[in-house]
Amino acid sequence: MSHRTKEELAKQADEIWSGIAGRVLTPKERMAIPSQEMPTQEPEVRCRNMLEVATGFTEAQARVEASRCLQCKNAPCIKDCPVAINIPGFIAEVAAGNFDAAASVILRTSILPAICGRVCPQETQCQMNCTVGKAKKDVNQGVGIGRLERFVADWKRERGTPDLPVVKPATGKKVAVVGSGPAGITVAADVRREGHDVTMFEAFHKTGGVLVYGIPEFRLPKAIVQKEIDALVAMGVKVETNFVVGRTRKLKDLLAKDGFDAVFIGSGAGLPKFMNIEGENLVGVFAANEYLTRANLMKAYDLDQSQTPYYAAKRVAVLGGGNVAMDAARMALRLGAEEVHLFYRRTELEMPARIEEVAHAKEEGVRFHTLRNASRILGDEQGRVRALVCLKYELGEPDASGRRSPVEIKGSEYEVPIDAVVVAIGNDSNPLIPATTQGLAVNKRGNIVTDADGKTSLDAVYAGGDIVLGAATVILAMGEGRKAAAAINTYLAR
Ligand code: FAD
Ligand code: SF4
Ligand code: SF4
(Lines give C-alpha, C1' and ligand atoms only; values in the text may rest on other atoms or scores of the structure.)
(Ligands and ions follow the chains in the order given, each with its own letter.)
Protein backbone atom coordinates (compact mmCIF):
# COMPACT_ATOMS: atom_id res chain seq x y z
CA MET A 1 0.00 0.00 0.00
CA SER A 2 1.44 3.39 -0.95
CA HIS A 3 2.08 5.85 1.85
CA ARG A 4 -0.64 8.52 2.13
CA THR A 5 0.51 11.83 3.51
CA LYS A 6 -0.85 13.48 6.63
CA GLU A 7 -2.40 16.20 4.44
CA GLU A 8 -4.14 13.71 2.11
CA LEU A 9 -5.62 11.81 5.05
CA ALA A 10 -6.75 15.04 6.76
CA LYS A 11 -8.40 16.28 3.55
CA GLN A 12 -10.25 12.99 3.07
CA ALA A 13 -11.59 13.20 6.64
CA ASP A 14 -12.68 16.83 6.18
CA GLU A 15 -14.70 15.80 3.12
CA ILE A 16 -16.39 12.92 4.92
CA TRP A 17 -17.09 15.08 7.96
CA SER A 18 -18.73 17.81 5.88
CA GLY A 19 -21.16 15.13 4.59
CA ILE A 20 -22.13 13.73 8.02
CA ALA A 21 -21.78 16.66 10.47
CA GLY A 22 -25.00 17.44 12.35
CA ARG A 23 -26.84 14.36 11.02
CA VAL A 24 -28.22 11.41 12.99
CA LEU A 25 -26.64 8.45 11.25
CA THR A 26 -28.21 5.03 10.76
CA PRO A 27 -26.10 1.96 11.64
CA LYS A 28 -25.81 1.27 7.90
CA GLU A 29 -24.44 4.76 7.28
CA ARG A 30 -21.97 4.34 10.15
CA MET A 31 -20.78 1.03 8.74
CA ALA A 32 -20.17 2.70 5.37
CA ILE A 33 -17.72 5.27 6.79
CA PRO A 34 -14.17 4.19 5.90
CA SER A 35 -11.73 3.43 8.72
CA GLN A 36 -9.47 6.44 9.31
CA GLU A 37 -5.83 5.57 8.82
CA MET A 38 -3.31 6.90 11.38
CA PRO A 39 -1.06 9.46 9.64
CA THR A 40 2.63 8.65 9.89
CA GLN A 41 5.95 10.19 8.89
CA GLU A 42 7.19 9.01 5.47
CA PRO A 43 9.02 5.67 5.96
CA GLU A 44 12.25 6.79 4.27
CA VAL A 45 12.38 9.92 6.46
CA ARG A 46 11.35 8.41 9.81
CA CYS A 47 13.76 5.46 9.64
CA ARG A 48 16.59 7.96 10.18
CA ASN A 49 15.05 10.02 12.98
CA MET A 50 13.79 9.36 16.50
CA LEU A 51 10.61 11.41 16.22
CA GLU A 52 7.29 9.68 16.75
CA VAL A 53 6.26 7.64 13.70
CA ALA A 54 2.51 8.15 14.09
CA THR A 55 1.55 11.82 14.06
CA GLY A 56 -2.02 11.58 15.43
CA PHE A 57 -5.54 12.41 14.22
CA THR A 58 -6.92 15.85 13.45
CA GLU A 59 -10.23 16.73 15.14
CA ALA A 60 -12.14 15.87 11.93
CA GLN A 61 -10.37 12.50 11.62
CA ALA A 62 -11.24 11.69 15.24
CA ARG A 63 -14.88 12.68 14.81
CA VAL A 64 -15.20 10.69 11.59
CA GLU A 65 -13.61 7.60 13.17
CA ALA A 66 -15.82 8.00 16.27
CA SER A 67 -18.89 8.18 14.02
CA ARG A 68 -18.16 4.59 12.91
CA CYS A 69 -19.01 3.28 16.41
CA LEU A 70 -22.44 1.58 16.59
CA GLN A 71 -22.79 2.23 20.35
CA CYS A 72 -23.49 -1.49 20.92
CA LYS A 73 -25.62 -2.23 23.98
CA ASN A 74 -23.53 -5.27 24.98
CA ALA A 75 -20.24 -3.44 24.14
CA PRO A 76 -17.87 -6.40 23.62
CA CYS A 77 -15.03 -3.88 23.44
CA ILE A 78 -15.38 -3.00 27.15
CA LYS A 79 -15.13 -6.67 28.18
CA ASP A 80 -11.86 -7.01 26.27
CA CYS A 81 -10.21 -3.94 27.83
CA PRO A 82 -8.28 -5.03 30.96
CA VAL A 83 -9.26 -1.79 32.75
CA ALA A 84 -12.84 -1.74 31.37
CA ILE A 85 -12.85 1.78 29.91
CA ASN A 86 -16.37 2.91 28.97
CA ILE A 87 -15.44 2.79 25.28
CA PRO A 88 -18.79 3.64 23.62
CA GLY A 89 -19.21 6.36 26.27
CA PHE A 90 -16.00 8.20 25.45
CA ILE A 91 -16.37 7.61 21.70
CA ALA A 92 -19.86 9.18 21.71
CA GLU A 93 -18.32 12.31 23.30
CA VAL A 94 -15.60 12.41 20.63
CA ALA A 95 -18.18 12.14 17.84
CA ALA A 96 -20.08 15.04 19.45
CA GLY A 97 -16.86 17.10 19.66
CA ASN A 98 -16.88 17.06 23.49
CA PHE A 99 -13.23 16.10 23.88
CA ASP A 100 -12.94 17.28 27.47
CA ALA A 101 -15.91 15.11 28.48
CA ALA A 102 -14.38 12.18 26.55
CA ALA A 103 -11.18 12.56 28.60
CA SER A 104 -13.18 12.51 31.85
CA VAL A 105 -14.86 9.24 30.84
CA ILE A 106 -11.49 7.59 30.10
CA LEU A 107 -9.73 8.93 33.21
CA ARG A 108 -12.37 7.33 35.43
CA THR A 109 -10.76 3.93 34.81
CA SER A 110 -7.37 4.50 33.15
CA ILE A 111 -4.59 6.79 34.33
CA LEU A 112 -2.32 6.32 31.29
CA PRO A 113 -4.49 6.81 28.18
CA ALA A 114 -1.85 8.64 26.11
CA ILE A 115 0.42 5.65 26.65
CA CYS A 116 -2.14 2.86 26.21
CA GLY A 117 -3.64 4.56 23.15
CA ARG A 118 -0.19 4.29 21.58
CA VAL A 119 1.10 0.88 22.66
CA CYS A 120 -1.85 -1.36 23.61
CA PRO A 121 -2.15 -4.39 21.32
CA GLN A 122 -5.70 -3.33 20.49
CA GLU A 123 -6.24 -6.01 17.85
CA THR A 124 -6.04 -8.67 20.58
CA GLN A 125 -7.80 -6.57 23.22
CA CYS A 126 -10.56 -3.95 22.94
CA GLN A 127 -10.72 -3.99 19.13
CA MET A 128 -10.63 -7.78 18.83
CA ASN A 129 -14.40 -8.29 19.04
CA CYS A 130 -15.58 -4.87 17.87
CA THR A 131 -18.91 -5.38 16.09
CA VAL A 132 -17.81 -3.26 13.12
CA GLY A 133 -14.64 -5.31 12.58
CA LYS A 134 -16.60 -8.55 13.01
CA ALA A 135 -19.15 -7.49 10.40
CA LYS A 136 -16.34 -6.61 7.99
CA LYS A 137 -14.48 -9.85 8.85
CA ASP A 138 -11.31 -7.86 9.47
CA VAL A 139 -10.15 -6.84 12.93
CA ASN A 140 -8.25 -3.89 11.42
CA GLN A 141 -11.55 -2.49 10.14
CA GLY A 142 -12.97 -2.32 13.67
CA VAL A 143 -13.34 1.09 15.33
CA GLY A 144 -9.85 2.52 16.03
CA ILE A 145 -10.37 2.66 19.80
CA GLY A 146 -6.69 3.14 20.68
CA ARG A 147 -6.25 5.85 18.05
CA LEU A 148 -9.23 7.72 19.52
CA GLU A 149 -7.97 7.23 23.07
CA ARG A 150 -4.62 8.69 22.06
CA PHE A 151 -6.35 11.64 20.36
CA VAL A 152 -8.37 12.46 23.47
CA ALA A 153 -5.40 12.11 25.85
CA ASP A 154 -3.18 14.29 23.64
CA TRP A 155 -5.92 16.89 23.19
CA LYS A 156 -6.30 17.13 26.96
CA ARG A 157 -2.56 17.20 27.67
CA GLU A 158 -1.87 19.86 25.04
CA ARG A 159 -4.41 22.12 26.74
CA GLY A 160 -2.76 22.04 30.16
CA THR A 161 -2.23 19.58 32.95
CA PRO A 162 -5.13 17.14 33.42
CA ASP A 163 -6.93 17.53 36.73
CA LEU A 164 -5.09 15.63 39.46
CA PRO A 165 -7.03 12.93 41.30
CA VAL A 166 -8.22 14.07 44.72
CA VAL A 167 -6.05 12.75 47.59
CA LYS A 168 -7.93 11.88 50.80
CA PRO A 169 -6.65 13.16 54.18
CA ALA A 170 -3.45 11.50 55.47
CA THR A 171 -3.97 8.10 57.09
CA GLY A 172 -0.51 7.82 58.63
CA LYS A 173 0.06 4.51 56.78
CA LYS A 174 3.15 4.04 54.57
CA VAL A 175 3.33 2.00 51.35
CA ALA A 176 6.47 1.10 49.39
CA VAL A 177 6.12 0.53 45.64
CA VAL A 178 9.05 -1.32 44.08
CA GLY A 179 9.50 -0.49 40.38
CA SER A 180 8.19 2.49 38.43
CA GLY A 181 6.76 0.74 35.35
CA PRO A 182 3.04 0.80 34.53
CA ALA A 183 2.19 -1.60 37.39
CA GLY A 184 4.05 0.52 39.96
CA ILE A 185 2.68 3.81 38.60
CA THR A 186 -0.90 2.52 38.83
CA VAL A 187 -0.48 1.23 42.37
CA ALA A 188 1.23 4.44 43.52
CA ALA A 189 -1.64 6.56 42.17
CA ASP A 190 -4.47 4.36 43.51
CA VAL A 191 -2.93 3.93 46.98
CA ARG A 192 -1.97 7.61 47.27
CA ARG A 193 -5.56 8.63 46.46
CA GLU A 194 -6.65 6.90 49.69
CA GLY A 195 -4.38 9.24 51.69
CA HIS A 196 -1.53 6.78 52.32
CA ASP A 197 2.08 7.95 52.25
CA VAL A 198 3.65 6.34 49.14
CA THR A 199 7.32 5.95 48.17
CA MET A 200 8.24 4.48 44.78
CA PHE A 201 11.69 2.82 44.63
CA GLU A 202 13.35 2.49 41.22
CA ALA A 203 16.63 0.71 40.41
CA PHE A 204 17.44 2.90 37.39
CA HIS A 205 18.25 6.62 37.50
CA LYS A 206 14.98 7.33 35.65
CA THR A 207 11.40 6.29 36.34
CA GLY A 208 8.96 4.70 33.90
CA GLY A 209 10.18 1.09 33.54
CA VAL A 210 9.94 -0.39 30.07
CA LEU A 211 7.93 2.67 28.98
CA VAL A 212 11.20 4.58 29.21
CA TYR A 213 14.05 2.12 28.73
CA GLY A 214 12.41 -0.43 26.37
CA ILE A 215 9.75 1.05 24.10
CA PRO A 216 11.56 3.48 21.78
CA GLU A 217 10.99 7.23 21.58
CA PHE A 218 9.69 6.85 18.00
CA ARG A 219 6.74 4.80 19.32
CA LEU A 220 6.23 6.46 22.69
CA PRO A 221 7.73 9.91 23.34
CA LYS A 222 9.37 9.96 26.75
CA ALA A 223 7.97 13.42 27.53
CA ILE A 224 4.53 11.79 27.72
CA VAL A 225 5.70 9.24 30.28
CA GLN A 226 7.44 11.99 32.28
CA LYS A 227 4.15 13.93 32.50
CA GLU A 228 2.55 10.91 34.17
CA ILE A 229 5.39 10.67 36.67
CA ASP A 230 5.16 14.43 37.29
CA ALA A 231 1.45 13.96 38.06
CA LEU A 232 2.27 11.27 40.63
CA VAL A 233 4.83 13.55 42.30
CA ALA A 234 2.30 16.40 42.29
CA MET A 235 -0.10 14.06 44.13
CA GLY A 236 2.58 13.64 46.82
CA VAL A 237 4.17 10.33 45.78
CA LYS A 238 7.87 10.27 46.77
CA VAL A 239 10.31 8.82 44.26
CA GLU A 240 13.69 7.25 45.10
CA THR A 241 15.78 6.39 42.04
CA ASN A 242 19.05 4.38 41.96
CA PHE A 243 17.50 2.29 44.73
CA VAL A 244 17.70 -1.46 44.17
CA VAL A 245 15.39 -3.32 46.53
CA GLY A 246 17.21 -6.50 47.49
CA ARG A 247 20.60 -4.72 47.33
CA THR A 248 20.27 -1.12 48.60
CA ARG A 249 17.73 -2.42 51.14
CA LYS A 250 16.17 -5.84 51.66
CA LEU A 251 12.43 -6.03 51.04
CA LYS A 252 11.71 -7.31 54.56
CA ASP A 253 13.69 -4.38 56.04
CA LEU A 254 11.31 -1.95 54.36
CA LEU A 255 8.56 -3.51 56.49
CA ALA A 256 10.45 -4.38 59.66
CA LYS A 257 12.84 -1.41 59.97
CA ASP A 258 11.67 1.45 57.71
CA GLY A 259 8.08 1.64 58.91
CA PHE A 260 6.28 0.66 55.73
CA ASP A 261 2.91 -0.99 56.36
CA ALA A 262 2.66 -2.68 52.95
CA VAL A 263 4.85 -3.28 49.90
CA PHE A 264 3.93 -3.71 46.24
CA ILE A 265 6.46 -5.44 43.97
CA GLY A 266 6.25 -4.38 40.31
CA SER A 267 9.82 -5.18 39.31
CA GLY A 268 8.98 -6.46 35.81
CA ALA A 269 10.57 -9.01 33.52
CA GLY A 270 13.93 -7.52 32.70
CA LEU A 271 16.10 -10.63 32.56
CA PRO A 272 16.99 -11.33 28.92
CA LYS A 273 16.90 -14.84 27.48
CA PHE A 274 19.76 -15.98 25.26
CA MET A 275 19.97 -18.56 22.46
CA ASN A 276 22.85 -20.47 24.10
CA ILE A 277 24.61 -20.88 20.78
CA GLU A 278 28.30 -20.75 19.87
CA GLY A 279 29.61 -17.21 19.44
CA GLU A 280 27.02 -15.49 21.67
CA ASN A 281 29.82 -13.98 23.79
CA LEU A 282 31.51 -12.25 20.81
CA VAL A 283 31.88 -8.47 20.77
CA GLY A 284 28.87 -7.11 18.89
CA VAL A 285 26.23 -9.47 20.34
CA PHE A 286 23.62 -7.70 22.47
CA ALA A 287 20.51 -8.64 24.40
CA ALA A 288 17.66 -6.50 23.01
CA ASN A 289 17.15 -5.02 26.47
CA GLU A 290 20.70 -3.71 26.63
CA TYR A 291 20.61 -2.50 23.03
CA LEU A 292 17.36 -0.60 23.55
CA THR A 293 18.31 0.68 27.00
CA ARG A 294 21.51 2.22 25.63
CA ALA A 295 19.54 3.95 22.91
CA ASN A 296 16.43 4.95 24.88
CA LEU A 297 17.48 5.60 28.44
CA MET A 298 21.09 6.59 27.76
CA LYS A 299 20.30 8.41 24.47
CA ALA A 300 23.19 6.73 22.61
CA TYR A 301 21.63 7.85 19.30
CA ASP A 302 22.33 11.48 20.21
CA LEU A 303 25.94 11.39 19.03
CA ASP A 304 26.70 15.03 19.84
CA GLN A 305 25.26 15.08 23.37
CA SER A 306 25.37 11.57 24.79
CA GLN A 307 28.34 10.02 26.59
CA THR A 308 26.94 6.52 26.01
CA PRO A 309 28.90 4.56 23.42
CA TYR A 310 26.99 2.53 20.89
CA TYR A 311 28.29 -0.17 18.62
CA ALA A 312 28.44 1.15 15.07
CA ALA A 313 27.40 -1.65 12.71
CA LYS A 314 26.47 -1.65 9.02
CA ARG A 315 24.72 -5.03 8.93
CA VAL A 316 22.67 -5.90 11.98
CA ALA A 317 20.87 -9.20 12.59
CA VAL A 318 17.91 -9.29 14.98
CA LEU A 319 16.79 -12.69 16.28
CA GLY A 320 13.10 -12.95 17.25
CA GLY A 321 9.59 -12.06 16.08
CA GLY A 322 7.93 -10.12 18.90
CA ASN A 323 7.47 -6.41 19.59
CA VAL A 324 10.90 -6.27 21.21
CA ALA A 325 12.49 -7.65 18.02
CA MET A 326 10.63 -5.08 15.88
CA ASP A 327 11.74 -2.26 18.20
CA ALA A 328 15.36 -3.43 18.11
CA ALA A 329 15.35 -3.77 14.31
CA ARG A 330 13.83 -0.33 13.78
CA MET A 331 16.21 1.16 16.34
CA ALA A 332 19.18 -0.37 14.48
CA LEU A 333 18.12 1.55 11.35
CA ARG A 334 17.95 4.75 13.35
CA LEU A 335 21.41 4.09 14.79
CA GLY A 336 22.75 4.11 11.24
CA ALA A 337 22.72 0.46 10.08
CA GLU A 338 22.62 0.11 6.30
CA GLU A 339 20.99 -3.32 6.41
CA VAL A 340 18.85 -4.84 9.15
CA HIS A 341 17.95 -8.53 8.86
CA LEU A 342 15.33 -10.08 11.11
CA PHE A 343 15.38 -13.87 11.56
CA TYR A 344 12.33 -15.74 12.88
CA ARG A 345 11.90 -19.53 13.12
CA ARG A 346 8.22 -19.64 12.20
CA THR A 347 6.25 -17.78 9.51
CA GLU A 348 4.88 -14.25 9.70
CA LEU A 349 1.46 -15.67 10.66
CA GLU A 350 2.85 -16.93 13.97
CA MET A 351 4.80 -13.76 14.78
CA PRO A 352 3.78 -12.44 18.21
CA ALA A 353 4.53 -8.81 17.25
CA ARG A 354 1.65 -6.43 16.56
CA ILE A 355 0.61 -6.35 12.90
CA GLU A 356 1.18 -2.59 12.82
CA GLU A 357 4.75 -2.93 14.12
CA VAL A 358 5.56 -5.59 11.51
CA ALA A 359 4.12 -3.37 8.77
CA HIS A 360 6.06 -0.34 10.00
CA ALA A 361 9.32 -2.33 10.20
CA LYS A 362 8.85 -3.56 6.63
CA GLU A 363 8.01 -0.10 5.30
CA GLU A 364 11.20 1.20 6.91
CA GLY A 365 13.32 -1.42 5.13
CA VAL A 366 13.87 -4.18 7.72
CA ARG A 367 14.42 -7.42 5.77
CA PHE A 368 12.43 -10.34 7.10
CA HIS A 369 13.85 -13.90 6.95
CA THR A 370 11.11 -16.22 8.21
CA LEU A 371 11.55 -19.97 8.80
CA ARG A 372 15.19 -19.18 9.54
CA ASN A 373 17.20 -19.12 12.75
CA ALA A 374 20.78 -18.59 13.85
CA SER A 375 22.72 -21.73 14.75
CA ARG A 376 26.15 -20.11 15.34
CA ILE A 377 27.75 -16.68 15.35
CA LEU A 378 31.21 -16.39 13.79
CA GLY A 379 33.89 -13.92 14.88
CA ASP A 380 37.02 -12.37 13.38
CA GLU A 381 40.55 -12.42 14.87
CA GLN A 382 39.63 -9.56 17.27
CA GLY A 383 36.67 -11.50 18.63
CA ARG A 384 34.09 -9.28 16.88
CA VAL A 385 31.03 -10.60 15.07
CA ARG A 386 31.63 -11.20 11.35
CA ALA A 387 28.85 -13.58 10.26
CA LEU A 388 25.78 -15.49 11.29
CA VAL A 389 25.31 -19.14 10.43
CA CYS A 390 21.61 -19.80 9.83
CA LEU A 391 19.45 -22.86 9.46
CA LYS A 392 16.28 -23.19 7.43
CA TYR A 393 13.12 -24.47 9.09
CA GLU A 394 9.69 -25.83 8.14
CA LEU A 395 6.53 -25.99 10.22
CA GLY A 396 5.63 -29.27 11.93
CA GLU A 397 2.84 -30.28 14.32
CA PRO A 398 1.28 -27.73 16.73
CA ASP A 399 3.09 -27.48 20.09
CA ALA A 400 1.70 -26.76 23.58
CA SER A 401 1.07 -23.11 22.61
CA GLY A 402 -1.14 -24.27 19.71
CA ARG A 403 1.30 -22.84 17.17
CA ARG A 404 2.92 -25.16 14.62
CA SER A 405 6.41 -25.90 15.83
CA PRO A 406 9.46 -25.10 13.72
CA VAL A 407 11.40 -28.15 12.50
CA GLU A 408 15.00 -27.76 11.39
CA ILE A 409 15.85 -28.79 7.81
CA LYS A 410 18.99 -30.91 8.09
CA GLY A 411 21.97 -29.71 6.05
CA SER A 412 20.37 -26.33 5.27
CA GLU A 413 23.07 -24.22 6.95
CA TYR A 414 24.20 -21.03 5.23
CA GLU A 415 26.30 -18.03 6.21
CA VAL A 416 25.26 -14.36 6.24
CA PRO A 417 27.84 -11.56 6.68
CA ILE A 418 26.81 -9.54 9.77
CA ASP A 419 28.54 -6.99 12.06
CA ALA A 420 26.20 -7.08 15.07
CA VAL A 421 23.55 -9.41 16.48
CA VAL A 422 20.65 -8.41 18.73
CA VAL A 423 19.00 -11.31 20.57
CA ALA A 424 15.30 -10.56 21.12
CA ILE A 425 13.78 -13.91 22.03
CA GLY A 426 12.06 -12.85 25.26
CA ASN A 427 12.63 -11.94 28.89
CA ASP A 428 12.24 -13.69 32.21
CA SER A 429 11.23 -12.15 35.52
CA ASN A 430 13.78 -10.18 37.53
CA PRO A 431 15.16 -12.75 40.03
CA LEU A 432 16.76 -10.40 42.60
CA ILE A 433 13.83 -9.81 44.95
CA PRO A 434 12.71 -13.46 45.19
CA ALA A 435 16.37 -14.46 45.66
CA THR A 436 16.85 -12.04 48.57
CA THR A 437 13.43 -12.43 50.25
CA GLN A 438 12.97 -15.63 52.22
CA GLY A 439 9.51 -17.16 51.98
CA LEU A 440 8.41 -15.27 48.85
CA ALA A 441 6.83 -17.98 46.69
CA VAL A 442 7.65 -18.12 42.98
CA ASN A 443 6.59 -20.58 40.27
CA LYS A 444 8.95 -22.66 38.16
CA ARG A 445 9.44 -19.76 35.73
CA GLY A 446 10.56 -17.49 38.57
CA ASN A 447 7.35 -15.40 38.54
CA ILE A 448 6.06 -14.30 41.95
CA VAL A 449 2.92 -16.26 42.91
CA THR A 450 -0.06 -14.21 44.10
CA ASP A 451 -3.68 -14.87 44.97
CA ALA A 452 -6.53 -13.35 42.94
CA ASP A 453 -6.09 -10.00 44.74
CA GLY A 454 -2.36 -9.75 44.06
CA LYS A 455 -1.25 -10.82 47.57
CA THR A 456 1.96 -12.85 47.74
CA SER A 457 2.87 -15.64 50.17
CA LEU A 458 4.12 -12.96 52.62
CA ASP A 459 1.95 -10.79 54.86
CA ALA A 460 1.53 -7.18 53.65
CA VAL A 461 3.43 -7.94 50.42
CA TYR A 462 1.62 -7.65 47.08
CA ALA A 463 2.88 -8.01 43.51
CA GLY A 464 1.70 -7.49 39.94
CA GLY A 465 2.65 -6.81 36.33
CA ASP A 466 5.35 -8.71 34.46
CA ILE A 467 6.96 -10.05 37.66
CA VAL A 468 3.74 -12.06 38.16
CA LEU A 469 2.48 -12.55 34.59
CA GLY A 470 5.83 -13.00 32.82
CA ALA A 471 6.55 -10.58 29.95
CA ALA A 472 3.04 -9.28 29.10
CA THR A 473 1.58 -5.88 28.18
CA VAL A 474 1.32 -2.37 29.59
CA ILE A 475 -2.42 -2.50 30.11
CA LEU A 476 -2.30 -5.94 31.76
CA ALA A 477 0.36 -4.61 34.14
CA MET A 478 -1.93 -1.66 34.89
CA GLY A 479 -4.91 -3.98 35.42
CA GLU A 480 -2.84 -6.06 37.88
CA GLY A 481 -1.71 -2.88 39.63
CA ARG A 482 -5.26 -1.67 39.99
CA LYS A 483 -6.34 -4.96 41.55
CA ALA A 484 -3.41 -5.06 43.98
CA ALA A 485 -3.91 -1.41 44.96
CA ALA A 486 -7.53 -2.13 45.88
CA ALA A 487 -6.38 -5.06 48.02
CA ILE A 488 -3.70 -2.92 49.72
CA ASN A 489 -6.25 -0.19 50.46
CA THR A 490 -8.61 -2.77 51.98
CA TYR A 491 -5.76 -4.31 54.01
CA LEU A 492 -4.70 -0.92 55.39
CA ALA A 493 -8.28 0.06 56.25
CA ARG A 494 -8.83 -3.01 58.46
P1 FAD B 1 8.38 -2.76 33.97
O2 FAD B 1 7.82 -1.82 32.98
O3 FAD B 1 9.43 -3.71 33.53
O4 FAD B 1 8.94 -1.91 35.19
C5 FAD B 1 9.64 -2.53 36.24
C6 FAD B 1 10.55 -1.52 36.90
O7 FAD B 1 11.06 -2.08 38.09
C8 FAD B 1 11.76 -1.16 36.05
O9 FAD B 1 11.88 0.23 35.95
C10 FAD B 1 12.93 -1.77 36.80
O11 FAD B 1 14.13 -1.01 36.65
C12 FAD B 1 12.42 -1.72 38.22
N13 FAD B 1 13.07 -2.71 39.10
C14 FAD B 1 13.35 -4.01 38.83
N15 FAD B 1 13.91 -4.58 39.90
C16 FAD B 1 13.97 -3.63 40.86
C17 FAD B 1 14.46 -3.64 42.18
N18 FAD B 1 14.98 -4.73 42.72
N19 FAD B 1 14.39 -2.49 42.91
C20 FAD B 1 13.86 -1.35 42.37
N21 FAD B 1 13.38 -1.32 41.10
C22 FAD B 1 13.43 -2.45 40.37
N23 FAD B 1 3.61 -3.83 25.94
C24 FAD B 1 2.57 -3.30 25.27
O25 FAD B 1 1.45 -3.30 25.79
N26 FAD B 1 2.72 -2.74 24.04
C27 FAD B 1 3.93 -2.65 23.44
O28 FAD B 1 4.03 -2.14 22.34
C29 FAD B 1 5.07 -3.17 24.13
N30 FAD B 1 6.30 -3.07 23.59
C31 FAD B 1 7.37 -3.49 24.33
C32 FAD B 1 8.64 -3.28 23.81
C33 FAD B 1 9.76 -3.66 24.54
C34 FAD B 1 11.12 -3.39 23.99
C35 FAD B 1 9.59 -4.32 25.80
C36 FAD B 1 10.79 -4.79 26.59
C37 FAD B 1 8.33 -4.56 26.30
C38 FAD B 1 7.21 -4.13 25.58
N39 FAD B 1 5.92 -4.29 26.09
C40 FAD B 1 4.85 -3.77 25.40
C41 FAD B 1 5.68 -4.95 27.39
C42 FAD B 1 5.40 -3.94 28.49
O43 FAD B 1 6.25 -2.84 28.39
C44 FAD B 1 5.50 -4.60 29.85
O45 FAD B 1 4.57 -5.66 29.88
C46 FAD B 1 5.19 -3.62 30.99
O47 FAD B 1 6.05 -2.51 30.96
C48 FAD B 1 5.30 -4.32 32.34
O49 FAD B 1 5.11 -3.37 33.35
P50 FAD B 1 5.69 -3.59 34.83
O51 FAD B 1 5.31 -2.36 35.58
O52 FAD B 1 5.28 -4.90 35.33
O53 FAD B 1 7.27 -3.69 34.65
FE1 SF4 C 1 -8.08 -0.60 24.33
FE2 SF4 C 1 -5.90 -0.45 25.79
FE3 SF4 C 1 -7.54 1.62 25.65
FE4 SF4 C 1 -8.32 -0.58 26.97
S5 SF4 C 1 -6.64 0.80 27.52
S6 SF4 C 1 -9.53 0.62 25.52
S7 SF4 C 1 -7.33 -2.18 25.72
S8 SF4 C 1 -6.36 0.79 23.97
FE1 SF4 D 1 -18.37 0.77 19.25
FE2 SF4 D 1 -17.08 -1.44 18.41
FE3 SF4 D 1 -17.51 -1.05 21.00
FE4 SF4 D 1 -19.56 -1.59 19.38
S5 SF4 D 1 -17.86 -2.97 19.87
S6 SF4 D 1 -19.50 -0.04 21.02
S7 SF4 D 1 -18.91 -0.56 17.52
S8 SF4 D 1 -16.26 0.21 19.67
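## Around ligand 3

Which residues surround ligand 3? In this predicted model, the shell is made of Cys69, Leu70, Cys72, Pro76, Cys77, Pro88, Cys130, Thr131, Val132 and Ile145. Two elements give two or more residues to this shell: helix 5 (76-79) and helix 9 (131-135).

Sorted by class, the shell around ligand 3 has nine nonpolar residues, one polar residue and no charged residues. The space that ligand 3 takes up is the largest cavity.

## Around ligand 2

Let us turn to ligand 2. Its place is the second largest cavity, and the residues around ligand 2 are Cys81, Pro82, Ile85, Ile87, Cys116, Cys120, Gln122, Gln125, Cys126, Ile145, Glu149 and Ile475.

How do these residues divide by class? The shell around ligand 2 has nine nonpolar, two polar and one charged.

## Two helices side by side

Two packed helices are described by the angle between their axes and the distance between the axes. Here, the axes of helix 6 (residues 87-95) and helix 7 (residues 99-107) cross at roughly 170 degrees and come within 7 Å. Because angles over 145 degrees count as roughly antiparallel, helix 6 is roughly antiparallel to helix 7.

From helix 6, the residues in this contact are Gly89, Phe90, Glu93 and Val94, and they meet Phe99, Ala101, Ala102, Val105 and Ile106 of helix 7. By class, the contact has seven nonpolar residues, one polar and one charged.

How values were computed. Residues are numbered from 1 along each chain as its sequence is written. Chains are lettered from A and ligands numbered from 1 in the order in which they are written. This is a predicted model: local features need pLDDT of at least 70, side-chain atom pairs count only at pLDDT 80 or more; totals for chains, interfaces and linings use all residues. Side-chain values use heavy atoms; hydrogens and water are left out. Axes are lines fitted to C-alpha atoms, for helices over the stretch in contact, and angles run from 0 to 180 degrees between N-to-C directions. Helices (H or I, at least four residues) and strands (E, at least two) are DSSP runs, numbered from the N terminus. Angles under 35 degrees count as roughly parallel, over 145 as roughly antiparallel, 65 to 115 as roughly perpendicular and the rest as oblique. Contact means heavy atoms within 4.5 Å. Ala, Val, Leu, Ile, Met, Phe, Trp, Tyr, Cys and Pro count as nonpolar, Asp, Glu, Lys and Arg as charged, and the others, Gly among them, as polar. A residue is near a molecule or strand if one of its heavy atoms lies within 4 Å of it. On a 1 Å grid over the protein atoms alone, a cavity is a set of points where a 1.4 Å probe fits but cannot get out, and a pocket is an open set with protein on both sides within 12 Å along at least five of seven lines; lining residues have an atom within 4 Å of a point. A molecule sits in a cavity or pocket if more than half of its atoms lie within 2 Å of its grid points.
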